[in-house]
Amino acid sequence: MTLAQDPSQDPRVLALAYSRLYAVLARALLRGVDARMLAQLRELDWVGPGDGLEQLATQLHATFELGVFPYAGVFLDPDAQAGACADRVRGFYARAGFSPRPVNAELAPDHLGVELAFMAFVSRAHADGRLGPSSPLLAEFLDACVLAYLPSLVIAARELGEGAWPTMLNELLELVAAQRATLPGPRAAPSLCPAQALLDDARTGLREIAAYLLTPARSGVFLTRADIAALARSRGLARGFGSRLTMLDNLLRGAVEYGELDKLRAGLDELLARRDHRLVELDQRLELGPAIEPWRAAIARTRELVRALHRAPSRDRADPWTSKPSTTTPPAP
Amino acid sequence: MSGGPETLADKVGRLLTKVLRPGFGGDEPVIASEQTNAAGEALPSYGAAEPSREPVSLLEVDHGDGRMSRYPPPERWDDWVEWDAKAWPRKIPRRYSLVPTICFNCESACGLLAYVDKTTFEIRKFEGNPAHPGSRGRNCAKGPATHNQIYDPERILYPLKRVGARGEGKWKRVSWDEALDDIAAKMRQSRERRRDGIMYHVGRPGEDHYTNRCITAWGVDGHNSHTNICSSGARVGYALWTGCDRPSPDHANARVILLISSHLETGHYFNPHAQRIIEAKSAGAKIITLDPRLSNTAARSDLWLPSWPGSESVILLAIAAHLIRRRSYDREFMRRWVNWDQLLREGPGLPGMPDLPASAAGAEGELSFEDFEAYLERLYGEFTFEQAAEASQVPIERIEEAARLVEGAGSRLATHTWRSASIGNRGGWQVARCLFFLNVLTGSVGTPGGTSMNAWNKFVPKPFASPPAFEAWNELQLPHEWPLAFFEMSFLLPHFLAEGRGTVDVYFTRVYNPMWINPDGFMWLEALRDEDKLGLHVALTPTWNESAWFADYVLPMGHAGERHDLMSQETHAGQWIGFRQPVRRVALERAGRPVQFTHEANPGKVWEEAEFWVELSWRMDPDGSLGIREWFASPADPSRPITQDEYWAHVFEHSVPGLPEAAAAEELSPLAYMRKYGCFEVLRSNYTPYEAEGFATPSGKLELFSPTMRDWGWPEREHVIPWPLDSHVSPANIDRDRGQMLLLPNFRLPTLIHTRSANAKWLYEISHANPVWIHPSDAGRIGVQSGELVRVQTEIGYFVDKVYVTEGIKPGIIAMSHHLGRWRLASDMGGNPGMSALAQLDEDGEGGHALNILEHGRAWDSFDPDTARIWWQDVGVHQNLTHAVHPDPISGAHCWLQKALSVRKAGASDRHGDVHVDTRKSMAVYRQWHALTRSAVDHSPDGTRRPWWLKRPLKPTRAAYALPEEPFGR
Ligand code: SF4
């Protein structure tokens, strides 16, 4: 029998164990992996024998600095800004007396690493008895600031490919789900952006559509550079270089100009459907219910939008495809 | 557990169980919220400014000269906010306290600006100090790499005391109090018995008066420097001319820059000189370089003269003779400032000196300047371009072109030689003398674009209260056989000890690694192990080194941003002082957190010498009975030791002209001004000061003719006037037909600095190996290709290294860089595994010594992930061990160039890095060179040991100059 199954196990000991696991992940995310930490990660089977310090460092960079951005704000904020949920998380930090010294560039307070440090800190407080078992603090924090976006982050990272970091994110989600199940209080659902009639707005051009798609709190998904590149490659379209917004804007414009919008729409829909399916899988396995529903709803709306793109050119607009004057002809309806 | 798939609960339970295992660890907080001190133990971390704090713009100033134009404005240095470059593309503002300090890597004393994080007080980076008049905001690669040295995972953090036998590698951590009390007691015992038992052996001082003052206060003749393996040859040449022992070329304003060796990229005053040389080149100046190696300097020169080592003087005198023949020298300057009348009166009749021309001496018997001109032509008439081309193996057109350029330089000829030919060859001091002859002929002495002397361009303030000169003479440092040496015969210390000339009670090595850097290192090994001869060995060092391994105490001292020192250098035709500061301490004090001793602010218990010496001296004389303690008492409260603030406040208030006024203009005290800017410009320019003061020679003139040489036993023409001397590695002394070659072992790399930089990962990534440069014709003869091993046999042993086949070296010469080949004796201590090789020492008990490499460089795991990324193995070969000592009989310089008795393809049993030496041969070669000396006992004109006017780093009383009653060996 393992510890979590043992009903006689002291909840304070359990809290200590969670605290340590969160601390390991927090350190790994915030500081990268050093030799001592590598031994710990190996002991936990979170990295394989082939994962050396060098690979982990390069993958860390590729996953979290080039791929997905592990900030609550990136997923939950209407402008998808890192640090945008700072006030929200700081409120929790202040309640627990946690005052993180901003350590490095990643340390907007809503960075997942800082949140994990906080979770380690609070779990430790539970373990020490400084926080009683009935304290709602951790449960509320997990709902509002972690489970609110972690599933979407886990799925986006997984699509970057196999690797230690996506694996560890997945493990983290499992841990958080398991711990949340032991904590009191009803589950709270995240509030994402309300539905938006984007295509009804005369000012909407391709760039606005690209921005919408790149805002997880609206579209329900995080699109990485790799996602955009894969969409372009599979449809034989160019996406250029630059920010993700520039790349997606290029891709949409290219699709319109070269009459490939239908194919691109199909690709986007495929991606959205896949992400939705992954959410369902997660929910079935981890019973995330309220944390998942708003994301699925957002994805459903985005699929609608993508479908509607097909109809949009027939509308009576000077140039619905770009906010700038265009010399190209939109495809026939 | 059943055989079914693992449930989530099982899985999580398994993880939770694992982390609860005792020993899993990890209960320390992930994120601290305040001041940290991570160096040596963890990577530093930094705070972020509050979101509202937007970065401040850089200042933009067009100075119209070589100064930097964009930098943080000094009024914002107390609270500087900038984006974190590493966080790009995100915008993370960081808050720093910018604290100026002075680089401690080479001798140039460039200004650094430490970016000290305002939350953690960790140092984020070092950039250039734009206020610094010498470096003008710029640095070479080694300046910013100070950060590596501070956060080096292998740095020594605590005072260590030996347990077990010397060199056994067993250490225990002790407190500063324990170390101070023990060392001070031994110093006191020694001082009570004698005045020559304490020796302070310094590598690069990196400061200008502080420690010398301490040694003087101890009342002992205890200063021993590295000068004789560095610059003594050049110093003698310059001193005989001017009384000052260093040149200070005004490169920036020169029309022609004449360099001996790779001075642009690696010479003395690397960065300050390099930027001014390039400034001049951009303005049209021509660069001439003499160097047998195609260095970066040679490659960027207008004229490269790849001369055979030792032939430089012949080329220089051919150019001089050209000017003399054509009377195109500056006659008025020569007439006024050269001791030509003394030459005419006292020179003729000396061995080899021609008679005066028959026309000399007019009716009244007066000798005229015209007589001198005729005599000069007679003296130097024999030097021709043809002869120079033959001796140097340089195409004659290049020498003619050099002469044409020098002639056209007018008074804007900047020249420099320091460590290359002057320290390489027997008689190398004459290279400096012949070079400066061209400055004298062109009148480009102390002129804009000409060459000044260090004393004119370097400002050393008077110390706080000067102790009187000591009455002592340490025969182990300046023995009677070398009365003109510049300065102490430091590299012969083990040979002197082996001969039984004396002993040392307390031996300090200060940022110095004598066994590694000196020639004949196995002689040092024998000396360092001998507790009867070297009593207590205290190594003051920021990093492990080969010699410290054999010390009794290893005391960690700070790097550039961890110590107080005051420094000035003759970087250009002005004067300035630079203040090295412990930057964390200053930043903490700015933030209102007082610090009593610098080791409280530094990593671990790393200290600084300035405070260490005060505490040590205080304990050496606790009751004041030795007359030492009074020099270390606080002026405010004599019952306690002086603090650094008190010391420097006094110096800046009383000894630096203009500083109190400049400080007052900013409503600062002089100390606060120096803490803020880290430097002060004393004089913007200082040309031709000799117009007011004359020269520091006995005649007050530029001494073309040296009566000193004549009077101290060297009366021959080749010694009394600028003249070529036969080098020990002249073509006649290298039998190339028998496979002998010349080993040029001392070229520098711009990215390393001797043994100081082996803990700088960025620098080692750039340069880590020192292969043997060899010309394709020689490689073909031997049958080796690049990367293959050769065995190089020297006079006392051999080493095995890889070759680099290149046309960038002259045929007949092999060359190796100077800084590489570090080793350690323990796998996990004594140096960085990525920068040093794990070695084994063996000896046969009769003088045979072997160093074999067990493991070359490798990656290793530490808190710094970069150490796991070391991709190189070759960390060089310690060639110096195989160099015989070559003490020049006059300057005392170790003449670095070696005769390679054979260079052949390595055999099957040779391994890369192997070194073998027979120290019996070491002593034999030492005795051969010793036999060339002319002792003061036989030649002193006045019963003294050394001409009084010649410099010594610390001058004793006149009484101490009396010849010894029982000179060694007599
Ligand atoms: S030139 Fe010397 S003093 Fe200047 S930055 Fe480089 S190492 Fe430091």
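**A residue, then an interface**

Beyond its neighbours within four places in sequence, Arg584(B) is in contact (heavy atoms within 4.5 Å) with Gln35(B), Thr36(B), Asn37(B), Thr120(B), Phe121(B), Glu122(B), Ile123(B), Gly561(B) and Ala601(B). Ground rules next. This is a predicted model: local features need pLDDT of at least 70, side-chain atom pairs count only at pLDDT 80 or more, and totals for chains, interfaces and linings use all residues. Residues are numbered from 1 along each chain as its sequence is written, chains are lettered from A and ligands numbered from 1 in the order written, and side-chain values use heavy atoms, leaving out hydrogens and water.

Is Arg584(B) buried or exposed? Buried, because its relative accessibility is 4%; the cut-off is under 20% relative accessible area, with a 1.4 Å probe and protein chains only. Its side chain reaches the backbone oxygen of Thr36(B) at 2.9 Å.

Now the domains; their bounds come from an automatic or database domain assignment. Chain B has domain 1 (74-139 + 561-683), domain 2 (239-458 + 692-720) and domain 3 (734-930). The centres of domain 2 and domain 3 of chain B, over C-alpha atoms, are 34 Å apart. Domain 2 of chain B brings 24 residues to the contact, domain 3 of chain B 28 residues.

How much area is buried between domain 2 and domain 3 of chain B? About 2100 Å², with 67% from carbon and sulfur atoms. Buried area is the accessible area (1.4 Å probe) that two parts lose on being put together, summed over both. Arg293(B), Trp308(B) and Ile423(B) supply 30% of what domain 2 of chain B buries there, more than any other three residues.

Key. Buried means under 20% relative accessible area, exposed over 50%, partly exposed in between (1.4 Å probe, protein chains only). A polar contact is a pair of N or O atoms within 3.5 Å; within protein, one must be able to donate a hydrogen and the other to accept it, and residues adjacent in sequence count only if both atoms are side-chain atoms.
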